[in-house]
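I set out to record a few local features of this structure for later reference. The entries follow the order in which I looked them up.

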Amino acid sequence: MRAVMMFEFGGPEVLEVRHVPDPVPGSGQVLVAVEFAGVVFVETQIRGGRGPAAKNRPPLPRTPGNGVGGMIVAVGPDVDPALRGTVVVTPTGGTGGYAEFALAAVGDLVPVPAGLELRDAVALLSDGRTALLVHQQVQVQPGERVLVTAAGGGLGGLLVQLAADAGAHVIGAARGSEKGGLVESLGARHYVDYAQPDWAGQVTEATDGAGVDVVLDGVGGELGTTALSLVRPGGRASIHGMASGTWAEADEDKVTVVGGSVPTPAEARALSIQALALAAEGRLRPVIGQTFPLAEAAAAHRAIETRATTGKTLLVP
């Protein structure tokens, strides 16, 4: 099979497509013929040895990718053979997803509901469960003013939808004026472009000077810290991402930081199932901004790192 391999840490160019032996499922495993593989920002940090990955680098060589969708084509010796032919989405245990075939544990498999496209299910596998977890932990209330950073991304777009569905007044923030129409179509009442120097002032103006009740931050760094400074005294924040490379800093005398707990594998699977069910009902819409052939995995990473993407990015083997 073809698989994306990395033999060293570095820029996107370290991702190479190689021909390697097909994986063989062992005890408790299945083999999935990958139709779509999700690409997430943290995988670019792992590849580059940045962020938390700089202190805990995985062994090399490796094939990146931790979320795929496709048909089960083989099963381990102790696995029900009736699973062959089933279409699923699944994590892969942190590696192996950027390939034509990937191994997955039976306990991680998530069925795709009727009426939901496989590509949408893959887009929701990771981001959907994270969005639901953040939303449940923050407990957005009707009428609250909610600021979502990275609102044009795969996770941010879902958080905008969930907050708007809860009756919140959502302000979406992202880089670039071209993302405004998308973010507003997802339910945001206001859009601010944080490439503009006065973006924080625009948020304050959108709240009539009162500040926001909740910040959902997936960017971190100086931008995330600025977003947290816009929370009214007694407000809440979720700090769930560090696309900038560092976490946002909150004044905890002013802001209550909620969440931060890591779900168990069973809880994560249940959240993914819930996200896919909401999408099948038409209540949650993943935004897939771009797809890349497997051979262009490096280009996919480069596009994500340069903020040239909108919504979710998928690889197509």
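Where is the place of Ala-150? I found Ala-150 in the loop between strand E8 (145-148) and helix H3 (154-165); helices (H or I, at least four residues) and strands (E, at least two) are DSSP runs, numbered from the N terminus. I work from a predicted model, in which local features need pLDDT of at least 70, side-chain atom pairs count only at pLDDT 80 or more, and totals for chains, interfaces and linings use all residues. Residues are numbered from 1 along each chain as its sequence is written, and side-chain values use heavy atoms, with hydrogens and water left out.

I looked up the backbone of Ala-150: its phi is positive, about 50 degrees, although Ala-150 is not a glycine. Ala-150 counts as partly exposed because its relative accessibility is 26% (buried is under 20% relative accessible area, exposed over 50%, partly exposed in between, with a 1.4 Å probe and protein chains only).

I then turned to Arg-307, in the loop between helix H8 (297-305) and strand E15 (312-316). Arg-307 is not a glycine, yet its phi is positive, near 60 degrees. At 37% relative accessibility, Arg-307 counts as partly exposed.

Next I checked a peptide bond. The bond from Leu-60 to Pro-61 is cis, with omega near -5 degrees. I located Pro-61 in the loop between helix H1 (41-48) and strand E4 (68-75).
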